[in-house]
Amino acid sequence: MSIPEFDPGRRAAFRQLLVETVSTSPRRRRSPWLGLAVFALAGALAGGAVTAASASFDRDAVRGENSVPPVNVSAGLSGVPAPEGMSPGTPIVSLVGSSETFQVDADGSSPYPAPADSGWTAVVPLTPPEGATNLKVSYTCVTPGTVRIGVDAGGNNGSSSCSAEDIAGRADRMLGAGPALLYGGYPVEEGMTLYIDSDPGAVSLFTLQWVKEIETAWGVNEAGETYGNYKEGAGEADLMSATATNGQRGYIRRTEAEFVDGTTAMGGFTSVDDAREWQEATAGKKYSIPVYESDGKTVIGEFIIG
């Protein structure tokens, strides 16, 4: 069996989706390993109650261990200082021009019909206005289905599925036509095009908004640890932005998170069997790791992985 190479960038980006941040950087596809090996943080992040007893965790045992995903510290420290109240590494975003909203109907019709036999539902040519650095795309499901969307003509794009329960829940919360998903940070490129592939019968609304992003730098504490949000091209800081179970916003130590979420273990996987054995050994366990202030010492809460 051929084992695909694991892209550390995709691993880092996927886990960052599980760590609540205010960043809207673009995300990569899941690695083949992640379906088997990475803990889901549904209880901590989706509002579910975490009732199982947490497994013991000795943070001193992993402090100082090398992180598996590569980190470009110089890129992380690039940018202006983050404004007060904003997590370092989060871009400062301003709108450029007006937004555009259009609908893709159940029969695939839209203002941007795709060429015949292209395999796409809609193909949207893009003309960035002067001053724009990125394109933001919000997606709202009108009917259930899956939508794949992105700027890669080869199909290496993100996807989102929406169920009837999702739609009903949005109506119950009176969110109206609020976006179900926000794809952020498509960098401006010459000749860029947005590709949309919808399930047959799916009806979706898309809103395009050009923005200007100003990069902010990670912070550095007295111990020399970087802290802040995931940054494209840099990776994750030593202390990653997170929200504790008590609602306090702070930071979790990257090496501690990697030790318990399977990232460190994945560095040694050579087969699917390795991943499956790890999953079986850790099934049902939940781990509590500290949430710190930016000094990396003051504990203000806990973050559950499991």
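Is Tyr 251 buried or exposed? I looked up its relative accessible area: 11%, so Tyr 251 is buried (under 20%; exposed is over 50%, partly exposed in between, 1.4 Å probe, protein chains only).

**Ground rules.** I am working on a predicted model, where local features need pLDDT of at least 70, side-chain atom pairs count only at pLDDT 80 or more, and totals for chains, interfaces and linings use all residues. Residues are numbered from 1 along each chain as its sequence is written, and side-chain values use heavy atoms, with hydrogens and water left out.

**Whole chain.** I found 8 helices and 15 strands (DSSP runs: H or I, at least four residues; E, at least two; numbered from the N terminus). Of the 306 residues, 43% are buried.

**Aromatic pairs.** My search of the whole structure gave 5 (Phe, Tyr or Trp ring centres within 6.5 Å, six-membered ring for Trp; planes under 30 degrees apart are stacked, over 60 edge-to-face, the rest tilted). Phe 102 and Phe 206 have ring centres 5.7 Å apart and planes at 25 degrees, so they are stacked. Phe 102 lies in strand E2 (residues 92–104) and Phe 206 in strand E9 (residues 204–214), 104 residues apart. Both Phe 102 and Phe 206 are buried.

Next I checked Tyr 227 and Tyr 251. Their ring centres are 5.3 Å apart with planes at 70 degrees, so this pair is edge-to-face. Tyr 227 is in strand E11 (residues 226–228), Tyr 251 in strand E13 (residues 249–253). Tyr 227 is also buried, at 17% relative accessible area.

**Cluster.** I noted one aromatic cluster formed by Phe 102, Tyr 112, Tyr 139 and Phe 206.
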